[in-house]
Amino acid sequence: MSQLSPVTFHGDTIFCIDYQGQPYTPAKPIVENLGLSWGTQSVKFNANKERWSVSIIETVAQDGKNREVLCIPVRKLPAFLASINPKKVHAELRPKLELYQAECDDALWDYWSKGQATRKPRQLRLEALALSAAIDERS
């Protein structure tokens, strides 16, 4: 039985489970926090279990009850988030998702074109997020 541990991820809290020596995260809370349909996203996960490395993990939830939850490795979370259409998430979350997706795009490009990716300071990302939100309010 695995215990859920809260972890800060880009200013949000996700829950991690140590499973087979690597961190996994329950997918449903992330999907629901974005305002997406769990039914649709669970079909997406289950239709391509190998791609997402889906595992059903028995956990002890915060209420102390045992539950089986669909989890993906945290290393797969950036690719999952990149697969989401920002127009399908809550409007207030859209700028944050778009910023995160752009950061992932840049990191992948730098990895392939330069052989490494370097993370930009957090303050620059926060300023870009604030600017993006201000632009969206004017639109």
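Biologist: What pattern does the chain follow, read along the sequence?
Modeller: This is a predicted model, and the order in it is β-β-β-β-α-α-α-β-β-α-α-α. That makes 6 helices and 6 strands.

Biologist: How many of the 139 residues count as buried, as a percentage?
Modeller: 30% of them do. On contacts, take the pairs at least 6 apart in sequence: 50% of those join residues at least 24 apart.

Biologist: OK, helices. Which residues of α2 are buried?
Modeller: In α2, which runs over residues 38-47, they are Gln 41, Ser 42 and Phe 45. They sit on the same side of the helix, because the arc they cover around the axis is only 100 degrees.

Biologist: Why would spacing like that put residues on one side?
Modeller: An α-helix takes 3.6 residues for each turn, so positions three or four places apart point the same way.

Biologist: And what covers the buried residues of α2?
Modeller: The cover includes α1 (27-33), α3 (49-52), β6 and α4. On the face turned away from the buried side you'll find Thr 40, Val 43 and Ala 47, which are exposed.

Biologist: What happens at the start of α2?
Modeller: Ser 37 has a side-chain oxygen that comes within 3.4 Å of the backbone nitrogen of Gly 39.

Biologist: Switching to α5: how far apart are its end C-alpha atoms?
Modeller: They are 29 Å apart, and that agrees with the 30 Å that 21 residues should span at 1.5 Å a residue. The helix covers residues 94-114.

Biologist: Which of the α5 residues are buried, and what follows the helix?
Modeller: The buried set is Pro 95, Leu 97, Tyr 100, Gln 101, Cys 104 and Asp 110. Gly 115 comes after α5, with a positive phi near 85 degrees.

Biologist: Where do Gln 20 and Ser 53 lie?
Modeller: Both are in loops: Gln 20 between β3 and β4 (22-26), Ser 53 between α3 and β5. Gln 20 is exposed, at 65% relative accessible area.

Biologist: What about Lys 76, is that buried or exposed?
Modeller: Lys 76 is buried, and it has no salt bridge. The nearest side chain of opposite charge belongs to Glu 50, 10 Å away.

Biologist: Where is Lys 76 found, and what does it touch?
Modeller: Lys 76 is in the loop between β6 (66-73) and α4 (77-82).

Biologist: Now the strands. Is Ser 55 buried or exposed?
Modeller: Ser 55 is buried, since its relative accessible area of 14% is under the 20% cut-off. This serine belongs to β5 (residues 55-60).

Biologist: What is Ser 55 in contact with?
Modeller: Apart from neighbours within four places, Ser 55 contacts Tyr 19, Tyr 24, Val 69, Leu 70 and Cys 71.

Biologist: Last one, Thr 13: where does it lie, and how accessible is it?
Modeller: Thr 13 lies in β3 (residues 12-19). At 49% relative accessibility, Thr 13 counts as partly exposed. Its contacts beyond four places in sequence are Pro 6 and Val 7.

Biologist: And how far is the C-alpha of Thr 13 from that of Ile 30?
Modeller: The separation is 9.3 Å, with the two residues 17 apart along the chain.

Methods
Residues numbered from 1 in each chain as written. Predicted model: local features only at pLDDT ≥ 70, side-chain atom pairs only at ≥ 80, totals over all residues. Heavy atoms only, no water. Helix = DSSP H or I, 4+ residues; strand = E, 2+ residues; numbered from the N terminus. Buried < 20%, exposed > 50% of the residue type's maximum accessible area, 1.4 Å probe, protein only. Lys, Arg positive; Asp, Glu negative; His and termini not counted. Salt bridge = Lys/Arg side-chain N within 4 Å of Asp/Glu carboxyl O. Arc of directions from axis to C-beta. Contact = heavy atoms within 4.5 Å. Polar contact = N/O pair within 3.5 Å; in protein donor to acceptor, adjacent residues only side chain to side chain. Expected span 1.5 Å × (residues − 1).
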